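Me: I am new to this structure and would like to go through it by asking what the labels rest on. Please set each value against its cut-off before you conclude.

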Amino acid sequence: MPSSRHITIAPQSGEAVAVKRGDLVRIIDPKGQQVADLWAFATEEGALDWLSTSQTRNITERLFPRIGESFYSAKAEPMLTLIEDASPGPHDMLYPACDRALYDHAGLPDHPNCQDNLLAALKRSGIAISFVPDPVDLFQNSPPQPNGRIDVLASINPPGGYVTLRAERDLLLVVTACSVDFHPTNGDACTEIEVEVTSPR
Ligand SMILES: [Zn+2]
């Protein structure tokens, strides 16, 4: 019997979600216009591997995988495959997570941010990392322009827009509901993200 789990990521926060190979992971933006940052880590045999946006660009030779293509790890192993995109996109794979320094730069000290939310979620799962990989920025509207700019515009994802991914390994995922509220990124307000994990077993 398939079983499913539902995890709510509160606005401006993050959660770790452990998944098994073959699980389907749906990342849903219930209210619309909310960017979800996604990381994936593999810890088999004590060796850390992680979803690498640069390695994924390197292998797919695209800014973002197409349906049926995978996101790859630093060690060039498939981590997640994009099964379904029930959003208008676009998605981003160029930007880093928002972090304390970005908000300090914007004159907003001690602001919630995706990097701190990632590190806190990993810590709760007993994992420490010495660097922060760039995330996959789902629903982020920042496509490269012909003039070279990558302006971050308001997300155009409608309420309920989602993507579905298949785990290709046992993974620890971390999903954050992006905290940016000084820029149009997340529309008028930071809202929650829902994660639904369906196990075929
Ligand atoms: Zn963010």
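**Labels and the values behind them**

Me: Why is Phe-71 called buried?
Reply: The model is a predicted one. In it, Phe-71 has a relative accessibility of 1%. Buried means under 20%, so Phe-71 counts as buried.

Me: Why does Phe-64 count as buried?
Reply: Its relative accessibility is 11%. The limit is again 20%, and Phe-64 therefore counts as buried.

Me: What makes Phe-64 and Phe-71 an aromatic pair, and what kind of pair is it?
Reply: Their ring centres are 5.4 Å apart, and rings pair if the centres lie within 6.5 Å. The planes stand at 80 degrees to each other, and angles over 60 count as edge-to-face. The pair formed by Phe-64 and Phe-71 is thus edge-to-face. By this rule the chain has 3 aromatic pairs.

Me: How do you know which residues coordinate the zinc ion?
Reply: The SG atoms of Cys-98, Cys-114 and Cys-178 lie at 2.3 Å from the zinc ion. Water is not among the atoms, so the site may look incomplete. In sequence the donor residues follow the spacing C-x15-C-x63-C.

Me: Why can Cys-114 and Cys-178 be said to tie parts of the chain together?
Reply: Cys-114 belongs to helix α3 (residues 114-124), while Cys-178 sits in the loop between β10 (171-177) and β11 (193-199). Those parts are 64 residues apart in sequence, so the pair ties them together. Both Cys-114 and Cys-178 are buried.

Me: What puts the buried residues of α3 on the same side?
Reply: The buried residues in α3 are Cys-114, Asn-117, Leu-118, Ala-121 and Leu-122. Around the axis they cover an arc of only 130 degrees, which puts them on the same side of α3. Their cover includes β2 (14-19), β4 (36-42) and β10. Exposed residues Lys-123 and Arg-124 are on the face of α3 turned away from the buried side.

Me: Why is Leu-119 called partly exposed?
Reply: Leu-119 lies in helix α3. Its relative accessibility is 31%. Buried is under 20% and exposed is over 50%, so Leu-119 falls in between and counts as partly exposed. Leaving aside residues up to four places away in sequence, Leu-119 touches Ile-129 and Val-132.

Me: How do you know that the buried residues of α1 line one face?
Reply: In α1 (residues 53-60), the buried residues are Thr-53, Gln-55, Thr-56 and Thr-60. Seen down the axis, they fall within an arc of 160 degrees, so they line one face of the helix. β6 (70-72) and β8 (136-138) are among what covers them. After α1 comes Glu-61, with a positive phi near 50 degrees.

Me: What makes Gln-33 and Phe-139 worth a look in their backbone angles?
Reply: Most residues other than glycine have a negative phi. Gln-33 has a positive phi of about 65 degrees, and the phi of Phe-139 is near 70 degrees. Gln-33 is in the loop between β3 (24-29) and β4, and Phe-139 is in the loop between β8 and β9 (161-167). At 30% relative accessibility Gln-33 counts as partly exposed, whereas Phe-139, at 1%, is buried.

Me: Which peptide bond is called cis, and where is its proline?
Reply: The bond from Gly-89 to Pro-90 is cis, with omega near -15 degrees. Pro-90 is found in the loop between β7 (78-86) and α2 (100-105). Most peptide bonds are trans.

Me: Why is the whole chain described as compact as a globular protein of its length?
Reply: The chain has 3 helices and 11 strands. Its radius of gyration is 16 Å, close to the 17 Å that the globule rule gives for 201 residues, so the chain is as compact as a globular protein of that length. Along its principal axes the C-alpha trace spans about 45 × 35 × 30 Å. Buried residues make up 47% of the 201 residues.

Terms used: Residues are numbered from 1 along each chain as its sequence is written. This is a predicted model: local features need pLDDT of at least 70, side-chain atom pairs count only at pLDDT 80 or more; totals for chains, interfaces and linings use all residues. Side-chain values use heavy atoms; hydrogens and water are left out. Donors are N, O and S atoms within 2.8 Å of the metal (3.2 Å for Na, K and Ca); water is not among the atoms, so sites may look incomplete. Helices (H or I, at least four residues) and strands (E, at least two) are DSSP runs, numbered from the N terminus. Buried means under 20% relative accessible area, exposed over 50%, partly exposed in between (1.4 Å probe, protein chains only). The arc is that of the directions from the helix axis to the C-beta atoms. Contact means heavy atoms within 4.5 Å. The radius of gyration is taken over C-alpha atoms; the globule rule is 2.2 Å times the number of residues to the power 0.38. Rings of Phe, Tyr and Trp (its six-membered ring) pair if their centres lie within 6.5 Å; planes under 30 degrees apart count as stacked, over 60 as edge-to-face and the rest as tilted.
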